[in-house]
Amino acid sequence: MKLYDYELSGNCYKVRLFLSILGLNFDTKPIDFYPGREHKSKALLSLNPLGQLPIFEDSDATFCGSDVILSYIAENYDKSGFWYPKKQRLSIDNWMRVADEITATASAARLHDTFFYDLDIETARAGAHRLFRILDEHLWFSEKRGDDWLVETPFPTIADISCFPYVALSEEGGISRMDFPAIRRWCDRVKRIDGFITMPGIFPTSKAA
Amino acid sequence: MKVDLSQWHPVASSSDLPLRHVYQGQLWGHELAIWRADDGHVNVWENRCLHRGVRLSIGLNEGSELRCLYHGWRYANRTAGCTYIPAHPADAPARTVCNNTYQCIEKYGLVWSAVAPERSFETPVTLTDTAPLTLRAIPINAPSDLVQKFATDYPYGMVTHKSDTSMTLQSGASELQLFFQPVDSGKTIIRGLLIPQPVDPIVALRHHNAMMTPLRDKIELAVSGLSPPRAIEVEFKPVAKDLAQMPNINTAGPKVEFRAKVAKKWITSQNVMAFRLEAFSEQFPTFQPGAHIDVSLPNGMLRQYSLTNGPGQTDHYTIGVKRDVASRGGSICLHDDVQEGDVIAISAPHNNFPLRRDAVKTILISGGIGITPLLSMAQALKAQGLPFELHIFVQTAADLAFPEILHDLDGLTKTYMGLSPRATRNVISGVLANYVAAQHVYICGPGVMLEAAREAAKKCGWPDEAVHFEYFKNSKEIDYKTTFEIALSRSALTLQVPAGKTILQILRENGIEVPSSCEQGACGTCLMTVIGGEPDHQDVYLSTKEKASNQKIITCVSRSKSNQLVLDI
Amino acid sequence: MTQHCDDPVILNQWHPLSSFNEIVVGQKHRTVLLGRSLFYQQTAQGELFVWSCDNVSFVLPTKRAYGFLWTSLGIPPDELFAVGEIDEPDRQNVATGVFGVNVSFGRAIENFLDMGHFPFVHTGILGEEPHTEVKEYDVDVSESRDEIMATRCRFYQPQASLASEAGADVDYIFRVPHTNCALLYKSSPGYEAEGRMDVIYMFLQPMGPEWTRAHTGMCVIDVANSYESIRYFQQIIFGQDKSILENQFPKRLPLDSRAETPIRADKSAIAYRRWLAKKGLTYGVIPSI
């Protein structure tokens with residue numbers, strides 16, 4: 001397995017995180033995303049014409065898009081079957097659509113504030129805010145039912161992996177999580193998953209009681 | 001909108017505070033770090049570490065302490081006092097570094113607090129004798145007076161009660177109480193309580209959440225055209241003057257300024273009486289492992305006892321006192337005369353025996369009653385998952401004090417009973433063999449055992465800085481026969497110290513305030529810096545290196561070999 | 001972010017705008033310095049221009065130094081501070097890429113000078129528990145050179161060099177020759193005997209009193225560490241610091257000695273605050289009461 005990776009990319013981190021949780025070894029090819037824009041180079045465009053990271057290679061196949069990669073890894077390498085259970089796939093895929101929306105808003109805000117990308121910051125922040133309200137409400141009521149994760153399962157799934165990074169990095173785009181206490185508690189739970197690793201901007205939490 | 005910092009408001013739901021989590025709140029622009037310790041106590045602190053201003057809400061709730069993410073400073077449950085600064089592992093935080101706290105009370109499924117309360121919390125009259133259902137809190141980006149105005153139209157029932165901060169709506173036999181928490185000038189959180197608890201809580205929760213959402217949207221639409229109000233400017237309190245300067249050596253004194261109630265007195269082992277001391281209204285100050293308190297006894301004596309408390313156990317002090325028939329009467333007084341319910345005067349904790357938490361392994365060696373400070377250390381190390389061994393030397397099993405604490409440390413302790421002095425020395429040599437860098441050993445016990453342990457450590461190659469010892473008493477014979485002079489370099493005074501009097505006494509007789517505690521050369525409190533002359537060390541506190549450097553002196557017992565000593569005071 | 005700056009102490013200095021790596025020849029670039037929007041451009045002939053967005057005739061002076069374009073909104077000194085190492089021919093100057101951080105430049109400088117956070121913020125890279133001790137170091141404020149030097153600094157680093165598995169104490173020297181620029185010197189691997197040092201620099205561009213554009217980079221001798229890996233490393237370190245910096249309050253650096261609680265490990269930070277106060281700086285700081 002080989003991951004074309006950028007250390008500060010939340011989308012690449014989704015794959016790194018999942019591979020660490022599953023305890024899998026893989027090769028990394030660091031890409032100079034910023035400021036080198038290597039992901040737009042001819043070499044990488046030939047692998048992913050969309051010019052995006054992460055790109056993942058396994059057994060002569062190439063995969064692009066973090067949700068596609070997560071699904072692939074879960075289907076082929078997750079012996080437990082908990083991470084992408086067949087019964088919940090529609091629901092999980094739905095949450096991965098939400099994760100894309102989070103990328104389009106919260107991650108965009110972060111690109112603007114941190115990397116000086118030229119885009120409409122107010123729209124990005126407002127969009128993230130709207131999504132976080134939905135996410136917080138969903139998680140709050142899930143907690144009341146005794147569920148800890150996005151999908152109604154006793155274990156986390158790739159839905160949680162997919163939504164987590166850009167939520168946890170939202171403050172780098174000026175989006176505070178103070179109004180979203182259920183999201184903050186869910187972030188603590190994700191950080192306590194066995195095999196959790198951090199990325200710059202995401203800190204570990206204390207050990208559970 | 002009028003800002004009233006004295007008002008009490010709900011700032012969190014109880015369910016916002018699961019264990020090992022920190023909730024980020026805000027009241028009138030003041031950010032709050034709210035966390036529940038493992039013992040259930042709820043802490044509401046200013047959301048700012050006083051070191052470099054980093055938010056405590058991103059800190060780590062480790063159950064009994066909150067750890068700041070920037071430099072790892074640790075703050076105790078209840079007191080918010082700093083218990084450890086990793087950058088200087090050898091020093092107990094030199095003075096009471098303490099984060100700012102707010103009063104709080106947990107009731108009705110909510111946590112209530114106030115920025116600058118003028119009165120203690122009074123249960124809102126509408127809530128007395130109720131067991132409500134706490135609704136999901138709804139943050140709204142609008143000022144609280146506006147939110148309240150719109151809330152009167154909330155589709156529930158008639159408004160039967162209104163105050164500055166809350167509103168009650170009645171619908172048949174049920175009541176909905178809404179509290180308007182002013183987060184900032186442009187943000188409010190509606191916290192609702194439903195009385196009585198409905199038959200199906202989830203249905204009710206979903207219903208009200210669904211009703212609150214359009215209310216919120218309506219209010220936010222109403223303010224959307226307006227420019228947002230200026231955020232409330234929060235003034236940060238300056239830190240105490242002594243904390244703002246570079247720290248010096250701890251000069252805590254023997255002032256017994258706290259009244260403590262003997263909440264519990266029990267026999268913890270043969271000859272050792274344990275005492276649990278609790279404060280009246282104020283909160284006891286923070287302690288660190290290794291600390292002791294001065295206890296003023298009814299017979300007029302002042303004695304020092306180490307705290308056995310584990311981390312975060314900040315609502316009491318526990319000490320263990322060994323009955324010593326050969327002593328001057330202090331322990332006998334405590335055993336026989338002090339009873340449960342009595343009030344005694346104690347000092348704040350001092351720590352001349354601080355625990356480093358950066359060792360690759362910590363070895364604790366205790367003899368007899370010397371176990372008390374080491375119990376506190378062992379519990380702190382265990383809570384942090386730091387590697388350690390506790391070696392306990394006692395005469396018999398009946399002499400093992402605090403068995404309940406030892407039980408929790410099971411597996412990390414080794415007990416040796418009835419060994420001869422020689423056998424003890426051999427065991428200690430074995431324990432201390434194979435010294436590796438960054439190991440530390442802490443020894444507390446009878447003088448003879450300490451001497452043996454220090455010798456063994458030296459033989460096994462332990463550097464002076466890695467060997468820490470605390471003498472409970474100085475059993476050496478003090479020679480008071482010499483006469484000499486002391487020159488006080490900063491006070492431009494020269495004084496005579498005649499035979500039979502100590503440096504400490506002479507200084508005090510001349511109006512110079514010097515802190516002290518044991519006054520027998522064991523605890524180190526009366527330590528001073530020497531800048532000239534050759535001290536005659538008679539104490540058991542300073543290390544060999546420190547004694548050889550001639551730069552320090554324990555003024556309660558030590559004297560001078562040269563005609564004159566120059567002290568840096 | 002567009003708060004007007006009227007503090008002469010900071011206006012009359014050179015400030016960095018961009019690494020030349022990030023300037024596309026012939027293209028007009030836009031940025032903000034001290035609350036003012038600026039355009040900058042490098043022509044095909046290599047000429048440099050910086051001018052105000054609101055006023056085409058407000059043209060600013062330019063300087064090329066250490067791989068960066070510098071400018072000033074006031075009357076800067078003739079020379080920028082000297083960093084001899086950067087001009088040495090056998091070195092690689094790797095600029096990391098500029099990052100935005102929502103805090104004042106003063107807080108970022110203090111973070112750069114601080115070692116106590118290595119085991120907690122840069123865990124496993126620059127420090128590791130239980131080796132948290134910050135041993136006593138020396139701080140000297142030179143009146144003649146108008147800079148701060150912190151020497152005899154050492155801190156335990158887990159993997160002291162790429163070759164070794166074991167950790168060891170690494171020696172550092174910190175230098176602050178400018179209100180918003182700082183340098184870190186450490187022994188260059190393989191050149192210890194000659195006493196040659198690698199330099200890590202942080203040149204901060206204050207966009208607003210609480211917004212900073214951080215230009216960082218490393219100037220190294222050893223080519224074994226590839227350009228990309230140096231850049232990666234720097235970005236990880238900065239990314240980890242950024243989220244701490246953005247959680248500090250107040251965002252402006254408080255210069256009053258009673259604002260926060262220093263310990264002995266903070267000697268260089270205290271010297272920096274006093275130095276700024278002495279200069280009479282008011283922008284991006286909370287002056288003493």
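Begin by selecting B:R52 and C:E110, whose side chains meet in a salt bridge with a nitrogen-to-oxygen distance of 3.5 Å. Keep in mind, as you go from stop to stop, that the model on your screen is predicted.

**The contact between chains C and B**

Now widen the selection to the residues of chain C and chain B that touch one another, and you will have 34 residues from chain C together with 37 residues from chain B. The salt bridge you started from belongs to these two chains, and the count of salt bridges between chain C and chain B is 5.

How much area do chain C and chain B bury between them? The size of an interface is often given as the accessible area lost when the parts come together. For chain C and chain B this comes to about 3,200 Å², and 55% of it lies on carbon and sulfur atoms.

**Aromatic rings**

A pair of aromatic rings is described by the distance of the centres and the angle of the planes.

Select A:W140 and A:F141, whose ring centres are 5.0 Å apart and whose planes stand at 75 degrees, so the pair is edge-to-face. A:W140 counts as buried at 7% relative accessibility, and A:F141 counts as buried at 3%.

Then move to B:W8 and B:F121, where the ring centres are 5.4 Å apart and the planes are at 65 degrees, so this pair is edge-to-face. Trace the chain between them and you will see that the pair links distant parts of chain B, 113 residues apart: B:W8 is in the segment before β1 (9-13), while B:F121 is in the loop between β11 (110-113) and β12 (133-134). B:W8 is buried, with a relative accessible area of 15%, and B:F121 counts as buried at 15% relative accessibility.

For the last stop, select C:Y66, C:F68, C:W70, C:F81, C:Y201 and C:F203, which ring pairs link into a cluster.

Note on methods. Residues numbered from 1 in each chain as written. Chains lettered and ligands numbered in written order. Predicted model: local features only at pLDDT ≥ 70, side-chain atom pairs only at ≥ 80, totals over all residues. Heavy atoms only, no water. Contact = heavy atoms within 4.5 Å. Buried area = accessible area lost by both parts, 1.4 Å probe. Salt bridge = Lys/Arg side-chain N within 4 Å of Asp/Glu carboxyl O. Phe/Tyr/Trp six-rings, centres within 6.5 Å; stacked < 30°, edge-to-face > 60°. Buried < 20%, exposed > 50% of the residue type's maximum accessible area, 1.4 Å probe, protein only. Helix = DSSP H or I, 4+ residues; strand = E, 2+ residues; numbered from the N terminus.
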